[in-house]
Amino acid sequence: MALSLSSPCGLPFDEEEEIAVFESTAVEFGGQVRPRLPKISVISPGLDFRPAKPELKVAVKTGSSDEGTTEKVKVFLRIRPLTDTERERGEEQGCVTVQDEETLLLKAPRESQNMKTAEKGITQSIHKFSFSKIFAPETTQQQFYEGTMKKMVTDVLKGENRLLYTYGVTNSGKTYTIQGSGQETGLLPRALASLFRKLQGRLYGAMDLKPVMYQDVKQLDSSEIKMEEMRRNSLLKEDKNQTSRRVGTTSVGDSGIGGLSSTTNFSTQLEDSDSVWFEPDSLSHSGGDGLEEGVQFSIWVSFYEIYNEFLYDLLDASPSSQPRKRVTLRLSDDKQGNPYVKDLTWIQVGSAEEAWRVVKAGRRNQSFASTHLNQNSSRSHSIFSIRVLHLHPEATSSQAMHISELTVCDLAGSERCKEQRNGERMKEANNINTSLLTLGRCIAALRHNQNSKLRPPQVVPFRDSKLTRVLQGFFCGRGTSCMVVNINPCASIYDETLQALKFSAIATQLVHGPSTKTRVAYILSLLREPTANNESTVVEEEEDESDIEDGDISLLDTQTLLQTVDILKRVVRRQQNEKEVLEANVREEVVSEMMEVVSRMQEDFNETLETQMALIEERYETKLTILETHLKKFYSQELKERDEVIEALSASLEKKQNKGERVPLPAPLGDSEGPRRSQRLSQIGVNRLCSELDQCRAELLTKTQELTMQLEVPGSDSLLTNAVERKLQAGQRNLQQLRLDLQRLGSDLQSGERACCRNTGGERLRHTLTAVDEMLIRQNQILMELQNNLTLVKAELRRKVEALAQMQASGCGRPPPASFAVPGTPGSCTKRGCVATTPSETENRPPQKRQFFQSLFPPRKYNTRAAEGNVTPYSRILRSRQPSPPPSPVLTPRTLRGKY
Ligand SMILES: Nc1ncnc2c1ncn2[C@@H]1O[C@H](COP(=O)(O)OP(=O)(O)OP(=O)(O)O)[C@@H](O)[C@H]1O
C-alpha cells in the first residue's frame with residue numbers, strides 16, 4: 001500500500017483547511033494557474049493566530065526571562081547542505097530559498113508532483129513558511145546548539161521539563177542534528193557536556209535515589225544499589241569492549257521482530273566525537289550559573305525506541321553476546337494518570353563521558369536499516385531522557401526532592417511507502433507515518449483548542465500512538481516542547497519536503513499548554529464556589545491566594561485536596577443528573593415529534609385512501625353506466641328485432657288466415673357476420689314456435705273442414721263431436737308441447753346469455769336476462785291465451801253441434817252455412833260437393849257467423865278486452881305499433897257465447 005506523507009489534520013494537505021494568507025503571485029514557476037489561486041501560500045506562526053482567552057493562556061515560567069509571558073512553541077528549521085554526489089545528480093535546483101532568518105521560500109521544481117498539480121491550477125507552486133528561526137546549510141553544530149538547546153539545558157537545571165524532537169523526511173539530517181557525526185558532535189553530546197560542566201562539584205555521588213514511573217523517586221536499599229551499580233558497569237564495560245573491537249566492523253543483532261540489522265557505523269562516527277566534545281568553545285558556560293545554593297544533583301539517563309509501535313529498552317544490556325529476542329516494554333499510567341514506560345532502565349551517570357558511552361551502547365541496540373535514500377536510516381523513534389534529581393541539603397526523604405527532565409527525541413524519517421521495495425521496510429514506513437500522523441493530529445487538536453474556545457474542544461488523540469502517549473506530558477503543561485524541522489534541499493524529494501514543512505507549520509501556531517499551576521487555580525476556584533461547604537475558606541485563611549495559585553499542586557494540603565475531591569464528585573453527580581434530565585427531555589421531545597409525524601402520516605394515508613376509494617368508485621360507476629347504456633342499447637335492439645319477428649309472425653298468420661297458405665317466416669335479423677348465440681337461440685325457438693303454431697292452425701283448419709263435412713252428413717253428430725273432441729285434445733297436447741318447448745327455449749336463452757355475459761356482464765346483465773325471461777314467460781302466457789281460445793272454440797263447437805242437432809230435429813234440412821267453411825280453403829267444400837262460396841256471398845252472410853272463425857285467430861287479438869286485462873310490455877308495444885282497431889265491437893268468447 002502506498003502511503004504518502006500524512007497531513008497532521010488527517011487530511012491530504014491540499015484539501016485541509018488553509019491556514020495560509022495568500023500573497024502576490026510569482027510567474028516563473030507558475031504554469032497554468034487558476035486566476036483565483038495565488039501562487040504563493042504563506043504559512044506563518046503568527047499570521048493566522050488568534051490568541052486564546054488570557055486567563056486560559058497560562059504563562060509558562062521558564063526562569064526569570066520567561067516570567068509573565070505567553071510562550072509559543074518554538075519550531076526551528078535546519079537545512080542540510082547538499083553532498084557532492086547530490087550536486088552531480090542535479091539535485092540543486094534552487095527550490096529552497098532562505099529569505100531571512102524566519103522566512104523560507106519553496107519553489108516547486110519542474111518534475112515535482114506539486115508543480116504538476118500547480119499547472120492544473122489546484123495548488124500553488126511557490127510556498128512561503130515562517131519559523132522561529134531558520135538555520136541555513138552552512139550553520140555549524142555549535143551555532144545550532146546555541147540557537148536551540150543551550151537554553152533548554154539551563155531550564156532543566158532550574159527544574160523545568162523540556163522536550164526537543166526532530167522531524168523531517170528521511171536523510172534530512174535529524175540524527176546528524178541530535179547526535180552529530182565524526183568531529184561534528186550533535187545537540188545531545190553538547191547538552192550532556194554543558195549539563196555536567198554546569199554541575200561540576202554539585203553532583204550527588206550516591207546511587208540510593210532513583211527516578212521511577214512518571215516523575216517519582218525511589219529510595220534504594222543496598223542490594224538494589226548493588227544491582228544498579230552492576231548494570232551500569234556492565235553497560236559501560238560493554239561499550240568499552242565494543243570501542244576496542246570497533247573500527248569498521250558491523251555487528252548484526254536481532255531486533256526481536258524482523259531480524260533487523262543494527263550497524264555500528266554511526267556509533268563508530270560517535271566514537272570519533274569523544275575527543276572533541278570537550279572543546280573549550282563548546283563549553284561557554286561555567287558551572288553553577290543560576291543554580292540554587294546547596295542543592296545537589298543526581299543525573300539518570302534512559303534510552304528506548306519505538307519500533308513498529310513496540311517499545312524497546314536500548315539500555316537493556318544482554319549478558320551474553322548471542323543475539324536474543326528483545327523484550328518489549330509496556331506503557332502504564334501512574335495514580336494521576338500520567339503515562340510512563342514500565343520497567344525502563346535508568347542508569348545513573350556521573351559524567352558527560354559516561355552518559356555519552358551510555359548513548360553509544362544504546363545506539364548499538366537501535367534499529368537501523370539501509371533505505372534507498374539513507375544507507376543508515378533510523379527505522380524507529382529513539383527517545384533519550386535525562387532526569388535531574390534536585391536534592392535539597394535539608395531533605396531527609398525523597399518527598400522533598402524535585403525532578404526535572406530533558407528529553408531528546410529523534411523521530412524516524414517520514415517517507416513514501418511506495419518507495420520501499422522491501423516488505424519489512426514498507427511495514428516500518430507505515431508505522432512511522434502512522435505515529436507521525438497521530439502526532440500531527442495531536443498538534444492540530446491542541447491548536448484548535450487553543451485558538452477557538454467558542455467551538456467545542458476536540459479530544460487530543462494522544463492515546464492513538466505510543467509516541468504521542470509518551471510525549472503527552474510535554475504538550476499538557478508538564479513542560480515545554482521544541483521542534484526541529486530538518487529538510488534536505490534535493491529537488492527529487494521536494495514533495496516530501498513540502499509536506500514536512502506543512503506539518504511543522506501547524507506546530508508553529510501552538511502555544512505551550514497550561515501548566516499544572518492552572519490546576520491549582522481551578523481547584524481554588526472550586527473551593528470558592530458557594531456550593532462548597534464552609535471549609536472552603538480554609539485555604540484563603542491559611543495562605544495568600546495569589547501565592548497558592550502560582551504554586552504547584554503539591555503545596556495544597558491533604559485536607560484541601562480531599563475537600564476538592566468531594567466537590568468534584570458533587571459536580572460530576574450534578575452534571576450527570578443534568579445530563580440525565582436533558583436526555584429524558586430530548587427523548588420525550590423526540591417521541592412526541594415522532595408521534596406527531598406518525599399521526600400526520602396516518603391522516604395523510606387515510607385521506608389518500610378515501611380519495612383512492614372515491615376515484616375507484618367513480619371509475620366503476622362510470623364503467624357500470626357505460627355498460628348499462630350498452631346493454632340498454634343492445635336489448636332495445638334485441639326487443640326491436642323480436643318485435644319485428646313477432647310482427648312478421650302476426651302478418652304471416654294473418655296472411656295465412658286470409659289465404660290458408662303457409663308463408664315462410666322472415667329471415668332472422670342480425671348483422672352481416674351472423675347473429676349472436678342468444679339471438680340464434682331465440683330465433684330458432686321462435687321459428688319452432690311459429691312452425692308449431694302453423695302446424696296447430698293447419699290441424700285446426702283440417703279438423704274444421706272435417707267437422708264441416710261431418711256436419712253436412714246427417715246422423716253423424718256424435719261422430720263429428722268426437723272427432724272435434726279428439727282434434728281439440730290433440731291441439732291441446734300440441735299447445736302443451738309448445739309451452740314445454742318455450743320453457744326449454746327460455747332456459748337455453750338464459751344459459752346462453754350467461755355464457756355470453758360471464759366476462760362482460762354483472763348483476764345488471766343478469767337482471768336484463770331475467771327481464772328477457774319474463775318476457776318469454778309473457779309470451780308463454782299469450783300462448784296460453786291461444787289455448788283458452790281453443791277451449792272456447794271447443795265449447796262453441798259443442799254448442800254448434802247442439803244447435804245443429806236442434807235444427808235437424810226441427811226438420812230444417814238447409815245446407816250448412818257457408819260460414820262454416822274456413823276462409824281461404826274454398827276447395828274443401830267443392831270436393832265434398834258443397835256449394836262454392838264466393839266473396840260476395842261471404843260478404844252477404846250474417847256478420848256473426850263470419851266473426852266466429854275470425855275469433856279463432858283474431859288478427860288483432862291484443863285489442864280484445866281479455867288481452868287488455870293482461871297487459872305485457874310486448875302487448876303494449878304491439879298495440880302502439882298497430883293501427884287503430886276498427887270501430888266495430890270486439891268479439892270475445894263471451895260475446896260469441898252470447899251470439900250463439
Ligand atoms: N548539516 C549537515 N551537514 C553535513 N552533513 C549532514 C548534515 N545533515 C545531515 N548530513 C548528512 O546527511 C546524511 C543523512 O543524515 P541523517 O542520517 O542524520 O538523516 P536522518 O534524517 O536521520 O535520516 P533517517 O530518518 O533515515 O534516519 C548523513 O550522512 C549526514 O552526515
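## A walk through a predicted protein model

The protein has 25 helices and 23 strands. Helices here are DSSP runs of H or I with at least four residues, strands are DSSP runs of E with at least two, and both are numbered from the N terminus. What you see is a predicted model, in which local features need pLDDT of at least 70, side-chain atom pairs count only at pLDDT 80 or more, and totals for chains, interfaces and linings use all residues. Residues are numbered from 1 along each chain as its sequence is written.

Let's start with the whole chain. Of the protein's 900 residues, 35% count as buried. A residue is called buried if 20 or more other C-beta atoms lie within 10 Å of its own, exposed if 12 or fewer do, and partly exposed in between, with C-beta atoms placed from the backbone. Two residues are in contact, or touch, if their C-beta atoms, placed from the backbone, lie within 7 Å. Among contacts between residues at least 6 apart in sequence, 73% join residues at least 24 apart.

### Two helices

The expected span of a helix is 1.5 Å times one less than its number of residues.

| Helix | Residues | Expected span | Span between end C-alpha atoms |
|---|---|---|---|
| α6 | 187–198 (twelve residues) | 16 Å | 16 Å |

Helix α6 is mostly covered, with eleven of its twelve residues buried.

### The nonpolar cores

In soluble globular proteins, nonpolar side chains tend to be buried together. A nonpolar core is a set of buried Ala, Val, Leu, Ile, Met, Phe, Trp, Tyr and Cys residues joined through C-beta atoms within 7 Å. Which residues of the largest core, with its 108 residues, touch the most other members? They are Val301, Val358 and Val485. Helix α10 (residues 423–451) gives the largest share of this core, nine residues. The core draws at least three residues from each of domain 1 (1–137 + 414–453 + 467–510) and domain 2 (163–406); these bounds come from an automatic or database domain assignment.

Leaving out residues up to four places away in sequence, Val301 touches Ile347, Val349, Ala355, Val358, Phe384, Ser385 and Ile386. A second, separate core of eleven residues includes Leu693, Leu701, Leu738 and Leu742.

### The listed binding site

An unreviewed UniProt entry lists Gly168, Val169, Thr170, Asn171, Ser172, Gly173, Lys174 and Thr175 under "binding site". UniProt positions are given in the numbering used here, feature names are shortened, and annotations may be inferred rather than shown by experiment.

Thr170 is found in the loop between β8 (162–168) and α5 (174–179). Is Thr170 buried or exposed? Thr170 counts as buried because it has 24 C-beta neighbours inside 10 Å.

Lys174 lies in helix α5 and is buried, with 27 C-beta neighbours inside 10 Å. Not counting residues up to four places away in sequence, Lys174 touches Thr166, Gly168, Asp410, Leu411, Gly413 and Asn486. Lys174 and Arg80 are 94 residues apart in sequence, yet their C-alpha atoms are 9.5 Å apart in space.

Thr175 lies in helix α5 and is buried, with 27 other C-beta atoms within 10 Å. With residues up to four places away in sequence left out, Thr175 touches Ser378 and Asp410.
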